[in-house]
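Work through the exercises below with the sequence and the coordinates at hand. Each task is followed by a solution in steps.

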Amino acid sequence: MRSATPWSDVVELLVEATGETLYMVGVSTLIATLFGIPVGVWLQLTSPGGLRPQPAVHRILGFVTDLGRSMPFIVLLVALTSVTRLIVGGSIGSSAVIVPLSVGAIPFVGRLVQNILSEVHVSVVEAAVTTGATTVKIVRSVLLRESLPALINAIGVTVIALIGYSAMAGVIGGGGLGDLAIREGYQRFNDRILWGTVAWLAVLTTVLQFGFTRAARASDRRRHAAI
Amino acid sequence: MITVENLTKSFQGVPALKGVTLDVQSGSVLGVVGPSGAGKSTLARCVALLERPDSGAIRVDGTDITALGGTALRNARRQIGVVPQGDSLLRQRTAAGNIALPLESAGVPGPQRRTRVGELLDLVGLTDKAGSYPDQLSGGQRQRIAVARALAAGPSVLLADEPTSALDPETTGSVLTVLDRARAELGVTVLVVTHDMSVVRKICDDVAVLEDGRVVENGRVLDLVTDAASRTASTLLPAVDQNPVNESAYDRVADVVLIGFAAVGALLPEAANRFGVELNLLGGGFTRLGETPVARFRVGLTGERADSALEWISDAGAAVRRTLKGPQGVAA
């Protein structure tokens with residue numbers, strides 16, 4: 001009969017795994033946002049009701065986006081091995097996970113962003129058009145700025161989705177909280193590690209969600225004052 | 001200043017404008033009225049350069065602006081300030097920030113931008129609301145900010161598409177006052193598309209009636225109200241109740257349209273005195289067209305020289321619209 005892992009060791013493992021998870025998810029979210037927002041903007045501009053309607057471009061871009069979103073992450077993780085090696089110089093470890101994580105998240109963010117931008121009312125966009133603003137100006141000052149609260153929320157949704165995806169990082173030795181729960185907890189019948197990780201993930205997710213919701217609200221200038 | 005020449009526009013083969021021609025005098029206010037589906041909005045969107053007409057021209061200072069693209073199009077847009085239909089302010093920007101938008105597009109540097117925004121806030125009477133967000137403003141205040149934004153880049157033409165459609169009569173007045181000030185203080189030419197005749201009554205010099213994609217009536221408001229054939233006139237002037245029983249007691253009954261202080265105040269009593277007839281007001285009332293008092297009365301006359309009295313009123317410049325009783329064509 002093995003004695004249970006002391007709690008201090010569990011905490012130590014959790015701290016290390018949390019660092020790995022936040023590193024993988026943080027960098028991937030940054031990359032996915034950096035590339036996903038332009039994808040979303042492009043999708044919206046070329047859409048039938050957009051500022052630069054281009055049905056053919058819109059359809060192809062939409063198809064590629066949805067293809068990317070339909071790919072199961074575990075498949076992406078192994079399918080992109082050679083690409084990963086090219087970019088990070090290896091195919092094992094936390095940094096290696098960032099490549100498939102980002103690639104998987106870009107189309108996800110792209111669609112989210114397009115949906116959000118399409119919510120900006122057409123009369124608001126047209127009013128900006130009549131002021132003689134360029135398309136770049138309208139994208140920046142109207143579409144993106146008016147949508148900022150929703151965009152911050154969307155990034156929060158992405159972060160939490162990526163924490164879920166990153167649980168599969170163990171497949172290519174990425175580590176992280178999911179990997180800890182599966183390898184150290186589940187496969188070695190260590191309940192303290194398994195449930196400790198699950199509980200910590202719940203806390204982490206709640207705190208992150210709370211933070212993003214607060215940030216979104218702080219950026220929102222719509223105040224329904226009683227007049 | 002701005003002319004619209006033979007403008008046509010169809011949507012999926014359905015014609016919305018069938019050759020619209022308008023001429024707005026520099027510094028005047030033209031109201032385009034008409035029933036729903038007449039093509040008012042399409043016309044407004046064409047003038048706002050949001051819709052390209054199929055044929056025809058829109059000229060600002062003689063230059064056709066319908067065929068422009070790229071930078072030339074954006075520059076032309078700055079010549080035409082637009083108050084769009086419905087809520088159009090950026091909800092994440094303050095009132096001042098919204099007014100600044102066209103100035104940013106025009107590349108006006110920060111300090112000048114702030115000065116200009118201050119002037120415009122003053123013009124629309126909302127200086128104290130500079131830092132308020134649209135959600136903290138009332139509908140009328142939002143619309144005045146939209147007018148200020150439209151004027152920011154110093155356009156020569158101001159186009160307002162149904163600027164009062166969502167407002168109650170009181171706030172409508174404040175928005176119209178702002179449009180009127182824009183004309184008076186900045187000298188812009190104003191084109192108002194509206195279904196609301198009170199807009200025409202309060203601020204328009206000219207009116208064009210659009211029906212089924214065509215202009216069916218067009219002219220100066222004060223000219224049209226004295227034109228017996230004008231349909232606009234009857235909707236602009238005070239209503240006259242029909243009361244046949246009452247009217248049978250008089251030798252002559254006529255509708256008289258009086259324009260201007262002198263006419264409204266003194267013409268009818270003087271006619272009664274001069275011709276020794278008894279003159280009674282049977283209906284009608286006063287209104288104002290812009291600054292000009294205008295009255296339409298139904299009058300009943302009793303006395304031998306009733307016809308002469310009506311003739312004299314007509315000669316004095318009033319429009320005696322029809323003689324309801326007695327020989328036709330005596331007056332007017």
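**Exercise 1. Composition of the two chains**

Task: State how many helices and strands chain A has in this predicted model, and do the corresponding count for chain B.

Solution. 
Step 1. Chain A has nine helices and zero strands. Its pattern along the sequence is accordingly written α-α-α-α-α-α-α-α-α.
Step 2. Chain B comes to 12 helices and 14 strands.
Step 3. For the extents, take the C-alpha atoms along the principal axes. The trace of chain A spans about 75 × 50 × 25 Å, and the box for chain B is roughly 75 × 50 × 30 Å.
Step 4. For burial, 41% of the 227 residues of chain A count as buried, while in chain B the figure is 46% of 332 residues.
Step 5. For contact range, consider pairs with a sequence separation of 6 or more. In chain A, 71% of these contacts come from residues 24 or more positions apart; in chain B, 68% join residues at least 24 apart.

**Exercise 2. A helix pair in chain A**

Task: Classify the packing of α4(A) against α5(A) from the angle between their axes.

Solution. 
Step 1. Locate the helices: α4 of chain A covers residues 81–88 and α5 of chain A covers residues 94–117.
Step 2. Read off the geometry. The angle is about 120° and the axes are 9 Å apart.
Step 3. Apply the classes: 65 to 115 degrees is roughly perpendicular and over 145 is roughly antiparallel, with the rest oblique. The angle therefore makes α4(A) oblique to α5(A).
Step 4. List the residues. From α4(A) come A:V83, A:T84, A:I87 and A:V88, and they meet A:S95, A:A96, A:V99 and A:P100 of α5(A).
Step 5. Sort this contact by class: six residues are nonpolar, two are polar and none is charged.

**Exercise 3. A helix pair in chain B**

Task: Do the corresponding analysis for α5(B) and α6(B).

Solution. 
Step 1. Helix α5 of chain B runs over residues 139–152 and helix α6 of chain B over residues 169–186; they pack at about 20°, with 8 Å between the axes.
Step 2. Angles under 35 degrees count as roughly parallel, so α5(B) is roughly parallel to α6(B).
Step 3. The crossing of α5(B) and α6(B) is right-handed.
Step 4. On the α5(B) side the contact uses B:G139, B:G140, B:Q143, B:R144, B:V147 and B:L151. On the α6(B) side it uses B:T171, B:S174, B:V175, B:V178, B:L179, B:A182 and B:L186.
Step 5. By class, this contact of α5(B) with α6(B) has seven nonpolar, five polar and one charged residues.

**Exercise 4. Where chain A touches chain B**

Task: Find which element of chain A gives the largest share of the side that touches chain B, and describe its surroundings.

Solution. 
Step 1. The contact takes 23 residues from chain A and 24 from chain B.
Step 2. In chain A, the elements giving two or more residues to this side are α6 (122–130) and α7 (135–165).
Step 3. The largest share, seven residues, comes from α6(A).
Step 4. The side of chain A that touches chain B divides into nine nonpolar, seven polar and seven charged residues.
Step 5. Look at the buried residues of α6(A): A:A127, A:A128, A:V129 and A:T130. These buried residues pack against α7 of chain A and, in chain B, against α2 (70–79), β6 (80–83) and α3 (95–105).
Step 6. Just after α6(A), A:G132 has a positive phi of about 85°.

**Exercise 5. One residue of chain A**

Task: Is A:R221 buried, exposed or partly exposed?

Solution. 
Step 1. A:R221 sits in the segment after α9 (191–219) of chain A.
Step 2. Within 10 Å there are 18 other C-beta atoms, so A:R221 is partly exposed.
Step 3. Leaving out residues up to four places away in sequence, A:R221 touches B:R91, B:Q92 and B:Y133.

Definitions and conventions: Residues are numbered from 1 along each chain as its sequence is written. Chains are lettered from A and ligands numbered from 1 in the order in which they are written. This is a predicted model: local features need pLDDT of at least 70, side-chain atom pairs count only at pLDDT 80 or more; totals for chains, interfaces and linings use all residues. Axes are lines fitted to C-alpha atoms, for helices over the stretch in contact, and angles run from 0 to 180 degrees between N-to-C directions. Helices (H or I, at least four residues) and strands (E, at least two) are DSSP runs, numbered from the N terminus. A crossing is left-handed if the near helix is turned anticlockwise from the far one by less than a right angle, and right-handed if clockwise. Two residues are in contact if their C-beta atoms, placed from the backbone, lie within 7 Å. Ala, Val, Leu, Ile, Met, Phe, Trp, Tyr, Cys and Pro count as nonpolar, Asp, Glu, Lys and Arg as charged, and the others, Gly among them, as polar. A residue is buried if 20 or more other C-beta atoms lie within 10 Å of its own, exposed if 12 or fewer, and partly exposed in between; C-beta atoms are placed from the backbone.
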